[in-house]
Amino acid sequence: QERGGTLTYGRYADSLFLDPVLNDANVDIWILSNMYDTLLLPSEDGSGVEPGLATGYEVSEDGMTVTLTMREDIMFSDGSPITTDDVIWSLDRARNPDNGIWNFLLASVSEVTSPEDGMIRISLSQPDPAIIPALTVFNSAIMPQAAFEAADGETDAEKAEAFAQNPVGSGAFVLESWDRGSEMHLVRNEYYWADGEDGEKLPYLDAITFEVIPDDATRILRLQSGELDGAEMIPFARVQELQNDPNITMELFPSTYVHYITMNVRDEIGGEDNPLSDPLVREAMNYATNKEAIIQTVTFGVGTPMESYMSMATPLASGDGPLYPYDLERAQELMAQSGYPDGFSTSILALAGNQDDIGISTALQQMWGQIGIDLEIQQVDNATRTEEYRNGTFDMRVAGWTNDIADPGQITSYFAYSPTIDALHSGWMNEEVDSLFEASQSEIDVATRTEQYARIQEIFNTTGPIVPLYETPYPVALQNDVHGFVQIPLGNNIFRGAWIEQE
Amino acid sequence: MSETVLSVEDVRKDFPITRGVLERLRGRPQRAVHALNGVSLEVKRGETLGIVGESGCGKSTLARCLVRLLDLDGGRIVHEGTDVSGLTGPDRRAFNRRVQMIFQDPYSSLNPRMSVRQILTEAMRVHDMRPAAEIPARIEELLDLVRLPAGSADKRPHEFSGGQRQRIGIARALCVEPEVLVADELVSALDVSVQAQVVNLLLELQERLHLTVVFVAHDLRLVRHISHRVAVMYLGKVVEVAEAEELFERPRHPYTQALLHAAPSLDPAQRTRAVAARGELPSPIDLPSGCLFRTRCPHAFDRCVVEEPALTPRGTGHVAACHIDAPVFEAS
Amino acid sequence: MSLLRVRDLTATFGAGASRLTAVNRVSFDVAQGEVLGLVGESGSGKSVTLRALLRLLPVGGAVSGRVEWEGRDLVTAGDRELRAVRGRQISMIFQEPMTSLNPVLPVRVQIEENLRAHTGLRGRARTARAKELLDLVGIPDAGRRLDEFPHQFSGGMRQRVMIAIALASEPRLLLADEPTTALDVTIQDQILKLILDLKDQLGMSVVLVTHDLGVVAETCDRMAVMYAGRIVETGSVTDVFARPAHAYTAGLMASVPRASAARSVLHSIEGTPPQLDRVPPGCAFHPRCRFATDICRRDVPALEPRVGERLSACHHADAVAAEGSPV
Amino acid sequence: MSESAQPEAADAARRSVRLPRPGHLPLPFIGGALILGLSVFVAAFPGLFAPYDPLAFDYNAVLQGPSAAHPFGTDNFGRDVLSRVIHAYTIDMQIAIFATIFPFVFGTAVGALVGYAGGIAETIFGRVVDAVITFPFLVLVIAIVSVLGPGLGNMYIAVGLVGWVFYARITAAEVRVQKRLDYADAGRAMGYTHARIIFRHLLPNAITPAIVYWMTDMALAILLGSSLGYLGLGAQPPAAEWGVQIAEAKNFMSTAWWMGVFPGLAIVVTGLGFSLLGDGLAELLRTRR
Amino acid sequence: MPEFIARRLVQLIPTLIFILVVVFVLVRLLPGDPASAVLGDRALDADVERINRELGLDRSIPVQFWVFVKSFLTGDLGNSISLRIPVTQLIADRLPITMLLTLMAAAIALIIAIPLAFVAALRRERLPDTLIRGGFQVGLSMPVFYIGLVLLTVFGANLRWFPVGGYGDTFPEHLYHLFLPAVTLALSLSAILMRNLRAAIIEVLDADYVTFARSKGLRTRLILFRHILRNALISTLALFGLSIGTLLGGAVITETVFAIPGAGRLMVDSIYGRDYPVVQGLTVTLAVVVSITFLLTDLLQAWLDPRVTK
Ligand SMILES: Nc1ncnc2c1ncn2[C@@H]1O[C@H](COP(=O)(O)OP(=O)(O)OP(=O)(O)O)[C@@H](O)[C@H]1O
Ligand SMILES: Nc1ncnc2c1ncn2[C@@H]1O[C@H](COP(=O)(O)OP(=O)(O)OP(=O)(O)O)[C@@H](O)[C@H]1O
Ligand SMILES: [Mg+2]
Ligand SMILES: [Mg+2]
Ligand code: NI
């Protein structure tokens, strides 16, 4: 490992708002951990937990309290010490129900205190098996209370806006300048606590420049011309080409990224009968979907078939082989038995201009045509899609998901547990799943919880409102001289161990 | 003398000049081109009234006012006892059927995309001149009348020469069987040899159809040749009216005299090197006070600056607007 | 001794099937200090003839023949040589004062560029000369008006400006293409007399194109009549007016209304001038000619002395001349 | 008034186009008409020309280069590019016409009325035009399509809402010139109604620049369609449309050039057809005086 | 001249009001609301409602319109919903980039169009003319994003003459980075200008005043530039002014392909993100800028053509 250098990294979109609590998009989430450390850090395989600002933790027998030991002599990027007060304030802010959309991750916390110097105690209102991974999530990042409160503005939101322009953080890097929509410049945090494997202080890099290049082809060209050291979101169509490029390392980082079709299974949509409410129809559609073909044409073989609704990288994921292997005859039989033996017309929402969405939809149109389903592709922009989704007025949509936390709870809450968002706004409901999920949320016995999840997955995978398609890794292309960069399954880009071979 | 068909009474016409925002803010008054400044004339039945004058003196404006192409800003026009100044809709159409106009430009006065037949048919249909079945025959008749070769009907204007186009224009005017023809520079754009053909036709038609003709032109020789009476205009006013012979032989207004003097004679032996009139037409926006011609008049004196001369009689049927009532001036 | 000798000047437009001969083997001379009038109907080739002299035809035009000027043939002269003649020794003015001055340049630029190209005058001296020229053509307040644009002048004024520009380098020959047609009689009178005065002052020759016989009678020494791209008659103005020797000339003169016989039928030449891509064989005028015989339909009459000194291209020149003047 | 006036305008326009004998047609016109005639024929009967079903997937023949079996190669679903290019004629010709016909008809009618009326109508019209042209066109179209939802129908509406002003401007300017000519006055001196003068006399003479612009506009409409296709707002998959095809080909520029080049060629040829036809029409419709 | 400017400024007022209303209405007509657009699929209904309330979107439409108009009158365009910084700052950051891009494109278009138009006009209907016109036809028929990518691939990635996209940090760098995108943007404009200018030159070539100038024995170069070009430019200039407006707004795709953080991209992102304050503020600002461009070209035209202002 060598120290120094600036890494230039091409992103497909710019960040919007660099506040750990009030942000709402992946473009923020996936880089925030470079600027703000959490008490605990996710492991590189995404399933475990490593020490962060806290050197260790202990969960009480009854699961009602978590006690963490703070690392000593740690400082924010401005050199001020990170105190327990900062931690308490940060966690209180993160769990405030009025703040942002992530506070549910800490919903079980009833109080955060510091029983003695260097110790943090988190008291829970009920046992929470996900509380430890929750402490690795961006929104529980530790921020400097004093600096934050010194920022301009009246309310927390206004202060956050002012603070995020010029933040002081606890992460490996600190924002130096930000040319919105174009370039973000991060420099190393001199006060960062961690050491690398070689014993040198992290981070290795002096600086990172994020360049925003929305067009895939341009991003790749820029990488190929040597103007970038790395580029994210390589279209799968180009993966093989880049793999063959001798100057470039094509990384496919394991992810929790699953792609599926959400079906609206309400009995009626807009006052009309909804064929998708018929489980036989859904099953038929699942069997009629040639996932291998889609994986080949859309992901160019990079994807893998799904074995459960959650990715296999998710803790407690269970699966034994691809779901609904392609079986057209079976699908036709199922259709014949269903309430719609002659087929029906329906539609699918695809994100306008998104080639993957269009590819999937086009393929499905063809495949489902063979069981008498006439599929109309509706390209819409994101806001329109979200509105139809939220209102439950869509028939189907192409969708994808990544976990934000190394726990099956989050995805299950959204996918299967109806009180959250009506099971992906599909209107699907299964009482057994709902009660199993509720139980699992306070179940701290791992074996029991595993069983609960096995059952939930079994029910959802066989009767749920989705057509599972495939899992994909995160495709990142790097110059050969870039090392040590990881994107963990949760999506976080981890630059602190990255380095560039110096000439 | 014979009966008056059209009478023009103190007609005025202004073309306002658009004011800008700043000018409006500064309260600059609305200005205008004063194209006609109180023109009075009478057109007698069956006569040819020639109107001459320099470019911009308002000849065309007057002609257009006569056929109501322009609305008047003052005065009135009386046609056989009825005031036609404010006619609209069907009344105006009826008036136009009886008072027609022929235009100067043989190139732009015919719709280039319509055949002669379409042009004539349209006019006759709109005025309900003939039952539809008789129209083709009438068209042949009209074409024959204006001496256009048979088979011209289905050609379009660009297939004709300038002189022929003017004949089409005449046919168009005649097809509604009008009583008065207002011809604005009918032959000015034509070559001399062709000019003669069209003038001859006009003279002949006038005899045959008992037309009254208002003939606007700047060619003095031509006007003299075909007019019974001639009116001379200067800067939006009529300055002299008389029988043609009388006017050309005994001009009484200094402007008329300058005009006649400036016209080149056809006799190489009669050359002069003296310039007939100095200076140019004043701007019709800021008219001179008093007599409009005084800025170019070799005889102007104090009174001309303050008082506008009225048209006063200078013998039978001869009127002139000048303060000096000498019979003939020495040419300067 | 003639200043300019034109022999067999021919100007054609286009090529192949659409080729037309606008000026057909035209020959004439211009003597020192004389005013030659070129008359004819619209489209007879007057303007093209004039432009062909300086090889100023519009795009697509080609010139042949000889234009002898001071021992040189302008038709074959090089660009550089020609530029030295144009504007310097031979100047030109056009019919339309509205369109012949560049609307976007102040008058000063348009005069001074001429002075710059052809005189050694620089700076102040040049401006002074420009002002002097405007004075000369009778534009009041010349100093101020130098910086005005053409649209700020009246038609007559613009014509004067054009004359001033043309005279800037004191040319020896002025080619004037209908310089007064667009003007009123009183202004026409002023301009024609101005040209004549300047001609006398500067001792130059003038070729004056017009279709107004009156203008010819009033200003020219000799005249040439054109019909369908050819010169059909030349001679001194007095002679031609007294006794035209070509049927067309006679017809033209007869068409002009005369003071006597008001409201009588005017003499007119029946028919219309031929289009140049469809010129009749033989004498181009024969379809409209009272005198036409078989020979006229067959042979193109040459322009040669037929009635005394006078050149005429009419097979029946004598018969025509015998009728005397229609004027 | 516009409702009743339009048929007359169209009638007048039709009458004004009287074709001379073929031998006298301008060369560009013949070239343009040939290209476009063929294009329309292909658009009407794509099945006659396309060797394959343009929508048929062939997972065994994905991204194949040009060959005897697939002269233009295949795309990432194994669809035959040639067949897609041919079938796209149907949609692209539609785009060319439907996206421009309303602006043309409405715009020229409004332009004629406004140009003739002058005065306050012209002032108001001037402000409307200003407002529309100061709006960034593409952005406005994107916004309108976002409101209405993507798809060709809505693209036509969006383009129509904006595009008519250009025709109106052109026509108004030309009518303003024409109405000063004597034949317009002659019509008035005949006592003709304003409507007759505008639509029967002035418009046929004033419409040529609008027609010529129309030809350019049709080519531009195809391009706009492709830009919107790039943003996912134009023709909807799986339909083949050149712009969408090129957008789809973007990721394959270095590995499968044929996916984008052939639809691009089709656009160029068609655009050339429109442009030639425009030049030819301009020559043909030029009023001879 | 002041009269001329005053008139144009007065005319601007109704135009701006019209645009204000249209933008407001259009933005409200867009399906979906800012909160769900920003928060995305995962947001809970309660969060969406809370944020829309914070943005004042629960108020009645007239009240919202008043707030919107007031923001313009006070010059405070509010904050971007998704980026949470003042809209004025965003515009100040992004608009100059697009303006620079447009300006460069306009300049390049002229530099390409003028000489080629001359060559084509002077060699009318001959080989150079045919080649030039054919070449432009191809340029005019290619989608912008395709041209952009081709230029990037050839001159950026392969030849490495130019950077592949981006914007650079210093002004000379900006110019360097913006060259290829400006060429891309300029191509269709130059085709249109070339066509127009060629026709104008052909027309002027036979004008009486050009013949008159030739009869003065002036040098060809002088005639070409002083007499022909200037007059031919007058009509082309009007078209040029109009096109600059179109370019300014049409830079969206070029900016996306070349990764330029300009106003066009901001606008489209904001439409997609339902970022009402940005869409509104940016549209109206763009309209003002475009109007100023029109005014400038008009002034330029008035300078070229003294007949315009009296
Ligand atoms: N529509 C108009 N708008 C403004 N001014 C006009 C209009 N028509 C005529 N004028 C002005 O009115 C005056 C008289 O014009 P008019 O055309 O009647 O003159 P004219 O005697 O017919 O001249 P010409 O011999 O050149 O035809 C001129 O100064 C002219 O500029
Ligand atoms: N640019 C051109 N292209 C083709 N033919 C032309 C061109 N210019 C002139 N001609 C032809 O040359 C003939 C002579 O034209 P010219 O201009 O010399 O006539 P003119 O005697 O000056 O007529 P006018 O009195 O109308 O000025 C015309 O009939 C015309 O057909
Ligand atoms: Mg007149
Ligand atoms: Mg001429
Ligand atoms: Ni209406």
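Contact here means heavy atoms within 4.5 Å. The views below come from a predicted model, in which local features need pLDDT of at least 70 and side-chain atom pairs count only at pLDDT 80 or more, while totals for chains, interfaces and linings use all residues. Residues are numbered from 1 along each chain as its sequence is written, and chains are lettered from A and ligands numbered from 1 in the order in which they are written.

**View 1. Where chain B meets chain E.** The contact draws 4 residues from chain B and 5 residues from chain E. Together the two chains bury about 350 Å², with 76% of it on carbon and sulfur atoms (buried area is the accessible area, 1.4 Å probe, that two parts lose on being put together, summed over both). Look for B:Gly20, B:Val21 and B:Leu22, which supply 93% of the area that chain B buries against chain E.

**View 2. The shell around ligand 2.** Here 13 residues surround ligand 2, and the closest include C:Ser42, C:Gly43 and C:Lys46 (a residue is near if one of its heavy atoms lies within 4 Å). Helix H1 of chain C, residues 46-53, gives the most to this shell, with 3 residues (helices are DSSP runs, H or I, of at least four residues).

**View 3. Oxygen atoms of ligand 2 up close.** A polar side-chain atom of C:Ser42 sits 2.6 Å from a ligand 2 oxygen. From the backbone, an N or O atom of C:Ser44 lies 3.3 Å from an oxygen atom of ligand 2, and a polar atom of C:Gly45 is 3.1 Å from an oxygen atom of the ligand (a polar contact is a pair of N or O atoms within 3.5 Å).

Technical notes:
Heavy atoms only, no water. Polar contact = N/O pair within 3.5 Å; in protein donor to acceptor, adjacent residues only side chain to side chain. Helix = DSSP H or I, 4+ residues; strand = E, 2+ residues; numbered from the N terminus.
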